[in-house]
Amino acid sequence: MVVLAKGELEQIALPAVHKTAPPLADVPEVDLAVAGRGSEGRAAAARAVAAACEEHGFFKVTGHGVPAELLARVENAAAAFFALSQRDKEAAMSAATPGSPFGYASKRIGNNGDLGWVEYLLLGVTAATGGPLSVPEGVVPSASLCSFRDLLNEYTEVVRRMTCQVLELMAEGLGMDDRDAFTRLVLHKESDSMLRVNHYPPRPELKLLQQHGGGGRVTGFGEHTDPQIISVLRSNATSGLEIALRDGAWVSVPPDHTSFFVNVGDALQVLTNGRFRSVRHRVMVNSARPRVSVIFFGGPPPRETLAPLPQLVGEGGRSRYREFTWREYKASAYRTKLAANRLCHFETTS
Ligand SMILES: O=C(O)CCC(=O)C(=O)O
Ligand SMILES: [Fe+2]
């Protein structure tokens with residue numbers, strides 16, 4: 001069992017001066033059902049996607065066609081998993097190999113000292129294996145764990161398909177001739193995609209402390225940008241997600257358990273030569289209710305060479321990033337703290 005050293009818990013709390021973020025007034029919204037209805041609807045949806053990716057790197061997807069019943073089953077199964085004893089969670093989902101980022105973890109995010117009031121499951125979901133949960137050797141999964149694994153497989157496949165619809169709209173919105181430029185990477189049999197299931201336990205004492213003029217706020221997941229091409233998030237109806245606007249101001253995102261939220265990731269910022277913005281975001285802990293979120297991260301294959309797409313640099317235009325492989329980027333990113341600007345090592349200077 002992981003025990004936090006003295007003083008570590010305090011690091012999760014933000015100072016009291018850290019004000020509550022105001023809600024984002026107009027969350028950009030894209031209705032996939034409209035996008036599927038004729039060329040005009042599609043063109044309008046593609047334009048809306050591109051505009052949202054340029055302004056915020058973030059938007060909401062409605063009309064996605066993922067059955068509400070599947071979303072509810074995943075949410076309930078995740079809640080049941082996190083309700084297991086600490087020992088059972090650690091035994092059931094311990095990382096397959098030492099040093100691997102995959103498996104169950106509590107409070108520690110990555111290997112560089114980042115802490116948050118969160119526990120999570122991180123699972124690799126390449127298109128080739130189709131299955132996120134590879135059970136470590138020697139671990140005998142219980143029947144309930146097997147059905148959780150099957151459910152997450154089912155969810156991943158449905159969400160991966162929906163993600164590809166969104167990626168096609170992005171390519172169209174950018175005016176690209178090759179509409180499959182992004183989907184090809186996420187559908188590649190070696191695509192480095194992941195599924196993360198997060199659980200943020202409530203902290204009722206925060207309310208009391210705030211009423212008495214102190215206490216600050218508690219970080220669930222510290223600020224960061226997502227490394228991959230795209231992240232597709234679904235949460236229960238509990239608030240907590242916040243994004244940084246262009247001017248650096250933080251705003252909270254009103255929760256919507258019927259929709260998905262899309263983040264542009266670092267790899268997409270590179271491919272679009274900075275036209276799409278990899279959105280900085282974080283999660284704050286709710287005082288009263290647990291937050292459960294499930295995020296599909298669509299990534300390229302490790303050997304893929306990433307660089308701004310020529311069509312998006314334009315003739316005589318300046319490429320803002322040098323060429324690098326996804327493997328190279330990840331090796332560099334995993335050495336840094338969560339909040340680091342991980343793309344600065346790959347920027348061109350001239
Ligand atoms: O749990 C959330 O709502 C978002 C967490 C997040 O940003 C991540 O897992 O990368
Ligand atoms: Fe994230």
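Strands β8 and β13 pair in the antiparallel sense over six bridges, where strands (E, at least two residues) and helices (H or I, at least four) are DSSP runs numbered from the N terminus, and where two strands pair if DSSP finds at least two bridges between them. Within this pairing, leucine 233 stands opposite isoleucine 295 in β13. This is a predicted model, in which local features need pLDDT of at least 70 and side-chain atom pairs count only at pLDDT 80 or more, while totals for chains, interfaces and linings use all residues. Residues are numbered from 1 along each chain as its sequence is written, and chains are lettered from A and ligands numbered from 1 in the order in which they are written.

On β8, four bridges join the strand to β11 (residues 260-264), and these two run antiparallel; here serine 231 stands opposite asparagine 263 in β11. Is β8 buried or exposed? Six of its six residues are buried, so β8 is largely enclosed by the rest of the structure; a residue is called buried if 20 or more other C-beta atoms lie within 10 Å of its own, exposed if 12 or fewer, and partly exposed in between, with C-beta atoms placed from the backbone. Both faces of the strand are covered, with Ile230, Val232 and Arg234 buried on one side and Ser231, Leu233 and Ser235 buried on the other.

The strands named so far belong to an open sheet of eight strands, in the order β2-β3-β11-β8-β13-β6-β5-β4, whose pairing is mixed. Its edge strands are β2 (29-31) and β4 (103-109), each of which pairs on one side only. Neighbouring strands of this sheet are turned against each other by 25 degrees on average, direction ignored. Helix α4 (residues 68-82) lies across β5, β6, β8 and β13 and runs at about 115 degrees to β13; such angles run from 0 to 180 degrees between N-to-C directions, and axes are lines fitted to C-alpha atoms, for helices over the stretch in contact.

Further along the sheet, β5 and β6 pair in the antiparallel sense over six bridges. Leucine 122 lies in β5, and its bridge partner in β6 is arginine 196. Leucine 122 is buried, with 22 other C-beta atoms within 10 Å. Leaving aside neighbours within four places in sequence, leucine 122 is in contact with Pro101, Phe102, Gly103, Met194 and Arg196, two residues being in contact if their C-beta atoms, placed from the backbone, lie within 7 Å. The C-alpha atoms of leucine 122 and tyrosine 104, 18 residues apart along the chain, are separated by 6.6 Å. Glycine 124 also lies in β5 (residues 114-124), but glycine 124 is partly exposed, with 18 other C-beta atoms within 10 Å. The C-alpha atoms of glycine 124 and serine 193, 69 residues apart along the chain, are separated by 6.1 Å.

Turning to the helices, α3 (residues 38-55) and α6 (residues 143-173) pack at an angle of about 85 degrees, with their axes 8 Å apart. The two helices are therefore roughly perpendicular to each other, a description that covers angles of 65 to 115 degrees, whereas angles under 35 count as roughly parallel, over 145 as roughly antiparallel and the rest as oblique. The contact is made by Ala45, Ala46, Arg47, Val49, Ala50 and Cys53 of α3 and by Val166, Leu169, Met170, Glu172 and Gly173 of α6.

Lysine 107, placed in strand β4, has a positive phi near 70 degrees, and asparagine 273, in the loop between α9 (266-271) and β12, has a positive phi near 55 degrees. Most residues other than glycine have a negative phi.
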